[in-house]
Amino acid sequence: MKRQVAYKQGYKIVICGKFYEVADTKRILHYGNLSHIPTVQEVWNKTIGI
């Protein structure tokens, strides 16, 4: 399974299949599982970018 790692505004976004997690430098802030493979922008909008 391909693992995608992206960094945006000090946050680390990891996407592995349909699972995602968003972390800062010390801890995981958000994680979850979607019914489809998300994009980095979609995870960002769903978690941090309000």
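A: Phe19, Ile28 and Tyr31 make a nonpolar surface patch of about 340 Å². Patches are made of residues with over 30% relative accessible area and no salt bridge, with like charges joined within 9 Å and nonpolar side chains (Val, Leu, Ile, Met, Phe, Trp, Tyr) within 5 Å; the areas come from the Shrake-Rupley method with a 1.4 Å probe, and for residues only the protein chains shown count as cover. The model is predicted, and local features need pLDDT of at least 70, side-chain atom pairs count only at pLDDT 80 or more, and totals for chains, interfaces and linings use all residues. Residues are numbered from 1 along each chain as its sequence is written, while side-chain values use heavy atoms, with hydrogens and water left out.

Asp24 is partly exposed, because its relative accessible area is 24%.

Helix α1 gives the view from the buried side, where Val40, Val43, Trp44 and Thr47 are buried. Seen down the axis of α1, these buried residues fall within an arc of 100°, so they line one face of the helix; the arc is that of the directions from the helix axis to the C-beta atoms. An α-helix has 3.6 residues a turn, so residues three or four places apart point the same way. The buried residues of α1 pack against β1 (3-8), β2 (11-16), β3 (19-23) and β4, contact meaning heavy atoms within 4.5 Å.

Thr47 lies in α1, which spans residues 40-47, and counts as buried because its relative accessibility is 10%. Leaving aside residues up to four places away in sequence, Thr47 touches Tyr20, Val22 and His30. A polar atom of the Thr47 side chain also lies 2.8 Å from the backbone oxygen of Val43; a polar contact is a pair of N or O atoms within 3.5 Å, where within protein one must be able to donate a hydrogen and the other to accept it, and residues adjacent in sequence count only if both atoms are side-chain atoms.

Lys46, also found in helix α1, is partly exposed at 48% relative accessibility. With residues up to four places away in sequence set aside, Lys46 touches Tyr20 and Leu34, and its C-alpha lies 10 Å from that of Val22, 24 residues apart in sequence.

Lys18 lies in the loop between β2 and β3 and is partly exposed, with a relative accessible area of 42%. Not counting residues up to four places away in sequence, Lys18 touches Gly32, Asn33, Leu34, Ser35, His36, Ile37 and Pro38, and its side chain reaches the backbone oxygen of Ser35 at 3.5 Å.

Terms used: Helix = DSSP H or I, 4+ residues; strand = E, 2+ residues; numbered from the N terminus. Buried < 20%, exposed > 50% of the residue type's maximum accessible area, 1.4 Å probe, protein only. Salt bridge = Lys/Arg side-chain N within 4 Å of Asp/Glu carboxyl O.
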